[in-house]
Amino acid sequence: MLARAVTHALVGLEARRVEVEAHLQGSLPAFTIVGLADRACQEAKERVRSGVRSAECQWPEGRITVNLAPAALRKEGAGFDLPIALAVLAASGQIPRAELERHAVHGELALDGRVRPVAGVFAVAEGAKRARLPRIICAAQTAPEAALAGIHPVPVWHLAEAVAYLRGELEPEPIPPRNGVAPVAGPDLADVHGQERARRALEIAAAGRHNLLLGGPPGTGKTMLARRLPGLLPQLDESASLEVTRIHSVAGILRIEHPLVTTPPFRAPHHTASAAAIVGGGRGPRPGEASLAHHGVLLLDELPEFVRPALEALRQPLEDGVISVARAEGTALYPASFQLVGTMNLCPCGARGDPAVACTCSSQRLAAYGNKLSRALLDRFDLVVVVPRPRAAELAAGESEASAAVRLRVAAARSRLAEHTPARDEKADALLTRAVEQLPLSGRGRARVARVAATIAALSGGDAVESAHVAEAISYRAPKELKGQ
Amino acid sequence: MNELALAAFAAEHGIHPRTEARTARFAAFSMRFDARGYLGALERQGLRWLARSDRAFPPLLREISDSPSGLFLRGDAPPELLARPAVAIVGARACSGYGAQVARMLGRELAAAGLVVVSGLARGIDGEAHRGALEAAGATVAVLGCGVDRDYPAAHAELAGRIAATGLVVSEYAPRVEPAPWRFPARNRIVAGLAQATVVVEARERSGALITADFALEEGREVYACPGEITSALSAGTNALLRLGATPLTSSADVLELFGLEAAVEVEVDLDAPARAILQRLDGPTSADELVRASGLDAGVAAAALSELELAGLVATSDGVYRRTGR
């Protein structure tokens with residue numbers, strides 16, 4: 001007796017159809033799972049067995065073989081528990097087989113038969129939708145997430161509920177979709193006193209999606225400023241929102257209350273993070289912090305403290321907006337078009353740039369510190385600002401402009417930039433040429449200044465890039481002390 | 001030719017080339033030494049040899065007590081460059097932003113007035129002094145503490161190339177001689193020896209730059225020291241020099257006076273209103289934020305004005321603060 005349930009396995013962000021076949025034979029009792037299942041998947045046996053009993057169904061006697069097809073695809077995780085349980089029940093005739101085959105199934109089982117939510121439901125639901133399956137049976141908590149894929153979810157709390165539903169005895173209550181929830185308020189720029197230059201740089205970075213590097217002695221507010229960038233960014237549009245939701249779903253970090261991610265994500269991995277943690281990887285690769293920051297902000301606090309492979313691995317996504325993680329089993333592509341914000345001290349001891357303390361670093365240590373960041377990575381930062389230590393008078397000052405006001409200007413500049421990139425007028429061109437000769441500015445440096453100048457022009461509301469815009473852009477180039485000179 | 005043999009002998013045995021070598025080992029060496037072949041090999045590398053007995057050898061350097069037997073030269077400039085009025089600018093490798101700016105400003109202004117800027121190609125003050133002179137399209141000489149063909153420190157290879165293009169890179173050490181700690185004090189005597197005056201920009205309490213100043217004092221040359229904050233470790237050496245009677249350096253005019261030279265006329269630049277407003281308020285090191293508040297300008301406008309001033313050479317920035325370069 002054979003029955004089949006359909007589910008999906010994730011390869012990167014892509015859902016691949018997996019058929020869960022269960023076969024019963026009258027012989028000595030046994031339960032085997034074949035089809036390249038990993039540990040968590042093999043352990044499904046125990047959960048399924050006690051789950052079925054808890055659902056007051058009968059555990060079939062004899063030999064049960066479960067095959068996860070295609071056999072060559074590696075299957076990971078606990079999402080196969082529910083499809084295995086239902087396939088076994090269908091094979092033993094306890095639920096109608098034809099009915100089961102018309103559903104996608106995804107979920108983990110508790111020993112008492114409850115259905116637990118698992119990561120990646122959104123991607124699985126998308127796969128089911130593409131496979132033209134009309135409904136997906138999943139944990140009730142993840143039903144709103146599945147609904148985002150445009151498929152009809154069947155929310156179940158318990159295996160018994162799924163069984164009753166498939167028998168046609170029960171129609172589970174639909175879970176109302178919970179999208180478009182107002183964004184949670186992040187830290188506000190109004191808390192930052194003084195720091196006019198850095199605030200301006202944040203605004204330009206937000207408007208032009210430029211990568212930003214904040215340098216300066218410790219305690220001057222670099223991290224505080226960096227954390228306020230996401231609050232200046234406009235909401236995600238629909239397609240971006242779905243892309244981010246897919247990645248966050250696979251990583252299992254979606255919020256159950258409002259699964260659709262509409263605000264630009266903000267990720268700030270600790271500086272001990274490995275290269276795999278940042279760009280993604282592991283067996284059956286998982287998205288890294290860079291992908292989780294897709295369409296949002298990736299903050300690397302204390303940039304030079306990160307291990308060099310992790311920093312160098314960021315060069316590909318910074319260039320192409322995607323990360324390809326190659327493993328023996330295949331290559332997974334993760335979108336990773338993020339805005340990079342870095343903070344760093346000016347020297348290893350941190351005193352440089354602080355008038356109150358003397359720097360004790362030797363010239364060798366200084367040079368080694370500068371060399372930690374490759375020129376190639378430093379070149380990716382369009383805006384570099386050295387944040388000086390604020391005076392006591394600034395710290396005592398009243399409130400400054402709030403994020404909401406800046407966000408309006410940023411949104412206006414974004415829509416202007418989307419229409420057309422402002423071109424440089426004659427004087428602006430002349431100034432840029434002069435800067436290239438005099439400073440000197442490399443080819444890449446020139447392109448950076450031109451990009452930033454276009455954003456500044458858009459922020460000012462003009463149609464053309466004027467020489468003042470180029471001049472301002474020049475002031476945000478990387479100072480020589482960060483280049484190890 | 002005996003001088004060249006001595007330099008080659010010293011390179012081969014890793015010793016300091018002394019003026020007299022009367023050992024049997026040296027006698028044997030100079031017997032089989034092929035001076036013509038050696039000079040030919042030098043020429044193929046684009047290097048030259050300037051013996052002390054040569055008429056073009058700088059007279060000031062010939063005067064010093066431990067004058068080198070000759071100099072290896074890299075660069076296209078004639079050896080007479082070394083005999084021109086010169087000033088040495090030396091200081092700490094790990095210098096502050098202030099020190100770097102002073103060194104660059106002095107290098108630029110002294111070279112623009114026609115002096116040759118001599119220094120040691122080291123990181124920090126030395127490199128900035130060379131860069132300043134190059135900025136002014138002036139002449140500059142780098143004295144190495146290793147073989148003249150080597151670029152040490154490696155980070156200054158490009159700078160050495162630019163110096164050799166218009167000035168000279170010189171060393172008493174034959175090509176391929178490795179840098180060694182004991183060679184640098186010896187190098188410093190040549191730096192001081194080539195110049196009528198030595199300027200110490202920033203120096204810690206026990207800095208190599210002070211050795212240069214000592215050599216200069218011994219030879220009766222003028223020594224200038226840039227005053228620094230008394231609490232700064234980087235100025236401990238220079239402030240100690242001042243206490244011992246070195247001349248305080250308050251502007252490049254102090255040095256030019258010694259040579260009877262006038263400062264090169266600064267070209268007046270047209271500045272727009274925001275740039276003028278910023279320049280007016282720039283008095284000592286100031287952060288961009290303070291300038292924004294003092295001038296009442298928008299942060300963006302102030303940033304543009306600062307860039308403009310920087311391009312005009314009136315303002316320099318380091319570690320997030322801006323300073324006027326001239327006065």
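Into which domains is chain B divided? The assignment gives domain 1, residues 80-259, and domain 2, residues 273-324. The structure described here is a predicted model.

## Chain B as a whole

Between domain 1 and domain 2 of chain B, the C-alpha centres are 30 Å apart. Along its principal axes, chain B occupies a box of roughly 80 × 40 × 35 Å, judged by its C-alpha atoms.

Chain B contains 14 helices and 12 strands. Buried residues make up 53% of the 327 in the chain. Among contacts in chain B with a separation of 6 or more, 68% join residues 24 or more positions apart.

## A buried strand in chain B

Strand β4 of chain B covers residues 116-119. B:Val116 and B:Val118 point one way from this strand, while B:Val117 and B:Ser119 point the other way. All of these residues are buried. In a regular strand, side chains alternate between the two faces of the sheet.

Strand β3 of chain B, residues 86-90, runs parallel to β4(B) and is joined to it by 3 bridges. B:Ala86 has B:Val116 as its bridge partner in β4(B).

## Domains of chain A

Chain A is assigned domain 1 (2-166), domain 2 (189-400) and domain 3 (420-485). The centres of domain 1 and domain 3 of chain A, taken over C-alpha atoms, are separated by 58 Å.

## Helix α5 and strand β8 of chain A

Helix α5 of chain A, residues 121-130, is mostly covered, with 8 of its 10 residues buried. The buried residues are A:Val121, A:Phe122, A:Ala123, A:Val124, A:Ala125, A:Glu126, A:Gly127 and A:Ala128. The elements that cover them include the strands β1 (2-11), β2 (14-25), β5 (103-106) and β8 (135-139) of chain A. The helices α6 (143-147) and α10 (238-251) of chain A are also included in this cover. Just after α5(A), A:Arg132 adopts a positive phi of about 60 degrees.

Strand β8(A) is itself largely enclosed by the rest of the structure, because 4 of its 5 residues are buried. β8(A) runs parallel to β5(A), to which it is joined by 4 bridges. In this pairing, A:Arg135 of β8(A) stands opposite A:His103. β8(A) also pairs in the parallel sense with strand β9 of chain A, residues 152-156, over 5 bridges. Here A:Ile137 stands opposite A:Val154 in β9(A).

## An exposed loop residue in chain A

A:Glu56 lies in the loop between α2 (44-54) and β4 (63-69) of chain A. Is A:Glu56 buried or exposed? A:Glu56 counts as exposed because it has 10 C-beta neighbours inside 10 Å, and the cut-off for an exposed residue is 12 or fewer. A:Glu56 and A:Gly113 are 57 residues apart in sequence, and their C-alpha atoms are 9.3 Å apart in space.

## The five-stranded sheet of chain A

An open sheet in chain A has 5 strands in the order β11-β14-β17-β10-β18, with parallel pairing. β11 (266-267) and β18 (383-386) of chain A are at the edges; each has a single partner strand, so one side of each is left without a neighbour in the sheet.

Within this sheet, strand β10 (residues 212-215) and strand β17 (residues 339-344) of chain A are paired in the parallel sense by 4 bridges. A:Gly215 has A:Met344 as its bridge partner in β17(A). Helix α8 of chain A, residues 196-208, lies across β10 and β18 of chain A and runs at about 165 degrees to β18(A).

## Where the chains meet

How many residues of chain A are in contact with chain B? The contact involves 30 residues of chain A and 24 residues of chain B. On the side of chain A that touches chain B, at least two residues each come from α8, α15 (363-372), α19 (426-438) and α21 (467-474) of chain A. By class, this side of chain A has 14 nonpolar, 8 polar and 8 charged residues.

Definitions and conventions: Residues numbered from 1 in each chain as written. Chains lettered and ligands numbered in written order. Predicted model: local features only at pLDDT ≥ 70, side-chain atom pairs only at ≥ 80, totals over all residues. Pairing = 2+ DSSP bridges. Contact = placed C-beta atoms within 7 Å. Axes fitted to C-alpha atoms, helices over the stretch in contact; angles between N-to-C directions. Buried ≥ 20, exposed ≤ 12 C-beta atoms within 10 Å, placed from the backbone. Nonpolar A, V, L, I, M, F, W, Y, C, P; charged D, E, K, R; others polar. Domains from an automatic or database assignment.
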